Amino acid sequence: MAEEALVKKAGDKYRSFLHDEGENITQWRHGGPPIYDSVNQLFEEGRTKEWPKGSLEEVVQNAIKSWEMELSHKTRLQDFKTINPDKFKLIVNGREGLSGEETLRIGSYNALLKNSLPKEFQYYKADEETFESSHDAFRSALPRGFAWEVLSVYSGPPVISFKFRHWGFFEGPFKGHAPTEEKVEFYGFGVLKVDESLRAEDVEVYYDPAALFGGLLKGALISPCQSEDNTVTTAAATRGCPFSK
């Protein structure tokens with residue numbers, strides 16, 4: 001998914017490629033590189049593993065965080081340093097793979113939450129969301145961010161397999177549901193194929209989205225009047241809310 005962030009110039013101990021190198025000028029979605037102070041705090045307070053510096057687990061964890069940062073905040077695939085743009089594919093739960101350009105266009109949330117169920121059974125309609133609306137919805141629901149950690153790494157490069165955990169606190173409205181203030185989380189598995197420069201060529205992700213939406217949809221429905229009075233529409237609720245994977 002995504003670990004949302006405020007935007008201002010700063011370094012980050014978990015993510016690389018936040019600043020331009022050489023003459024290439026990165027085009028940032030929000031005008032400049034993000035800062036992850038809020039979600040980093042959530043991560044450090046809630047993680048279940050603290051990997052030794054330089055370990056394979058730490059390298060994989062930081063590589064995925066850097067890839068998510070680029071996907072959420074850079075607007076041109078040519079500015080990405082974490083993937084091989086000519087070969088990249090994102091495969092989620094066995095569905096047809098998305099190219100780098102397709103993934104960048106629709107955003108990480110829509111890429112990860114697409115499904116083939118009939119519309120009436122879809123609790124999140126990715127095909128009806130834009131990059132911006134999807135990020136707004138989750139920024140609103142998880143204002144402190146959506147933290148991500150590696151739990152285990154089963155094999156090293158060039159084919160890296162790992163188990164992960166994603167969590168946050170449901171403290172803002174989501175799709176007409178009032179916040180519960182409770183933790184929402186899910187677990188999954190990933191397979192990352194990398195080239196000789198450790199750039200991702202294939203990313204496969206397997207997880208149960210019901211584990212996420214079970215927490216986000218348990219909040220009471222907000223009435224239209226209450227929604228209007230309390231400005232809990234997605235666009236209004238998300239102004240000024242930091243968030244980012």
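Author: We begin with contact, which means heavy atoms within 4.5 Å. Helices (H or I, at least four residues) and strands (E, at least two) are DSSP runs, numbered from the N terminus. This is a predicted model, in which local features need pLDDT of at least 70, side-chain atom pairs count only at pLDDT 80 or more, and totals for chains, interfaces and linings use all residues. Residues are numbered from 1 along each chain as its sequence is written, and side-chain values use heavy atoms, with hydrogens and water left out.

Reader: What covers the buried residues of H1?

Author: The cover includes helix H2 (56–73), E5 and E6. Buried means under 20% relative accessible area, exposed over 50%, and partly exposed in between (1.4 Å probe, protein chains only).

Reader: Which residues of H1 are buried, and where do they fall around the axis?

Author: The general idea concerns the helical repeat. An α-helix has 3.6 residues a turn, so residues three or four places apart point the same way. In H1, the buried residues are Val39, Asn40, Leu42 and Phe43. They line one face of the helix, because viewed down the axis of H1 they fall within an arc of 160°; the arc is that of the directions from the helix axis to the C-beta atoms. Asp37 and Glu45 are exposed on the other side of H1.

Reader: How should I read a salt bridge?

Author: Side chains of opposite charge can pair when their charged atoms come close. The rule here asks for a side-chain nitrogen of Lys or Arg within 4 Å of a carboxyl oxygen of Asp or Glu. By this rule there are 16 salt bridges. In one of them, the side chains of Lys13 and Glu44 meet at 2.9 Å, N to O. This pair links distant parts of the chain, 31 residues apart: Lys13 is in the loop between strand E1 (6–7) and strand E2 (34–35), and Glu44 is in helix H1 (residues 37–46). Lys13 counts as exposed, at 60% relative accessibility, whereas Glu44 counts as partly exposed, at 31%.

Reader: Is Arg165 buried or exposed, and which side chain does it meet in a salt bridge?

Author: Arg165 counts as buried, at 3% relative accessibility. Its side chain meets that of Glu185 in a salt bridge (2.8 Å, N to O). Arg165 lies in strand E6 (residues 159–169) and Glu185 in strand E7 (residues 183–194), so the pair ties together parts that are 20 residues apart in sequence. Glu185 is partly exposed, with a relative accessible area of 24%.
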